[in-house]
Amino acid sequence: MGARDVGLPDRVVGEGLPDRVTIWEVGPRDGLQNEDSTVPVAVKLEFLDRLADAGGTVLEATSFVHPKWVPQLADAEELLAGLSRRPGVEYPVLVPNERGLDRALKAGVSHIAIFASATETFANRNLNSTLDAQFGMFDPVVARAKAEGLAVRGYVSMCFGDPWQGAVPRDQVVGVGKRLLDMGCDQLSLGDTVGVATPGQVTGLIKGFDRVDQLAVHFHDTYGQALANTYAALLAGVRTVDSSAGGLGGCPYAESATGNLATEDLVWMLDGLGVEHGVDLDKLCDTSAWMAAELGRPSPSRVVRALRG
């Protein structure tokens, strides 16, 4: 008999927490982009369908980054052409520049994300830009996307630490984030790209923003802090959390980054705290166990391992 069979986790409503959280599922994009081999389009489409069946309402589908840099997602057009979009489900895509936006618009997307850096070194390595020059690349993308009626998210990477530069000044991160919001981004996702953050850092950074309702958080679990950091973010007013089914992912430009916060682990915590999210944990675990089999290795998610072996 398993934990779910006897009604675990027991629900004890946490004080100061939101009634409901939006789970922004990044597994199909941020998870699969870090695989050594390319996952077939048919498997990716089934992955998206299974995640929708499990109750996911925001499924980040793919990226229009140049195939040379992320070959695992070179099939973006084919994927979106074969996608059966579900009513009430959003399928955002990542676009790096205006060329990527052109491709996304042709594919009929309604929601995009751009990917900025909070540090000089990562801007150079990931964007072939400088910290300041990156905004000149993003501004026309955001302006055109908004003119076309698209929703726009801005990612900020390396918010809590950079493997080449070390600690990142809080004011520097806030400055980058506010420029993206002022540019027209509807939402800002604060990323702990290499998983070095601790809860105090998370709380302190969020306090630096005056539009907390527009913030999301994106944690990697390199040092086992992702759930603790998420809890701190929720207490600080954040209502959207990025996670990856089965804990898939990493960062192709930062070798020390391990997998994203597993969606199952997040759901288990939210269930225990009485926070609504709309995701069926059993269906989600089945999906991640299936994907792990497709990838030929066990799921990194502790909850998947506990419930599915």
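Is the crossing of α4 and α6 left-handed or right-handed? The structure is a predicted model, in which local features need pLDDT of at least 70 and side-chain atom pairs count only at pLDDT 80 or more, while totals for chains, interfaces and linings use all residues. Residues are numbered from 1 along each chain as its sequence is written, and side-chain values use heavy atoms, with hydrogens and water left out.

The crossing of α4 and α6 is right-handed; a crossing is called right-handed if the near helix is turned clockwise from the far one by less than a right angle, and left-handed if anticlockwise. The names come from DSSP runs numbered from the N terminus, with helices (H or I) of at least four residues and strands (E) of at least two. Two packed helices are described by the angle between their axes and the distance between the axes. Here, helix α4 (residues 98–106) packs against helix α6 (residues 134–147) at an angle of about 20°, and their axes are 9 Å apart. That angle makes α4 roughly parallel to α6. Axes are lines fitted to C-alpha atoms, for helices over the stretch in contact, and angles between N-to-C directions run from 0 to 180 degrees. Angles under 35 degrees count as roughly parallel, over 145 as roughly antiparallel, 65 to 115 as roughly perpendicular, and the rest as oblique. On the α4 side, Glu98, Leu101, Asp102 and Leu105 meet Pro140, Val141, Arg144 and Ala145 of α6, where contact means heavy atoms within 4.5 Å. The residues of this contact divide into 5 nonpolar, no polar and 3 charged. In this grouping, Ala, Val, Leu, Ile, Met, Phe, Trp, Tyr, Cys and Pro count as nonpolar, Asp, Glu, Lys and Arg as charged, and the others, Gly among them, as polar.

The strands come next. An open sheet is formed by 9 strands in the order β2-β1-β9-β8-β7-β6-β5-β4-β3, with parallel pairing. At its edges are β2 (58–59) and β3 (62–63), each of which pairs on one side only. Two strands pair if DSSP finds at least two bridges between them. Strands β7 and β8 (residues 215–219) pair in the parallel sense over 5 bridges, and Asp192 stands opposite Phe219 in β8.

Strand β4 (residues 93–94) runs parallel to β5 and is joined to it by 2 bridges. Val93 has Ile112 as its bridge partner in β5.

Returning to the helices, α9 (residues 226–235) and α10 (residues 263–273) pack at an angle of about 45°, with axes 11 Å apart. This angle makes α9 oblique to α10, and α9 passes α10 in a right-handed crossing. Leu227, Thr230, Tyr231 and Leu234 of α9 meet Asp265, Leu266, Met269, Leu270 and Leu273 of α10. The residues of the α9 and α10 contact divide into 7 nonpolar, 1 polar and 1 charged. One of the residues in α9 is Thr230, which is buried with a relative accessible area of 0%. Leaving aside residues up to four places away in sequence, Thr230 touches Phe219, Val241, Leu261, Leu266 and Met269.

Helix α10 has another partner. With helix α11 (residues 281–295), α10 packs at an angle of about 165°, their axes 10 Å apart. The two are therefore roughly antiparallel, and α10 passes α11 in a left-handed crossing. Thr263, Glu264, Val267, Trp268 and Asp271 of α10 make the contact with Leu281, Leu284, Cys285 and Ser288 of α11.

Finally, Gly195 sits in the loop between β7 (187–192) and α8 (199–207). With 0% relative accessibility, Gly195 counts as buried. Residues up to four places away in sequence aside, Gly195 touches His220, Thr222 and Tyr223.

Methods
Buried means under 20% relative accessible area, exposed over 50%, partly exposed in between (1.4 Å probe, protein chains only).
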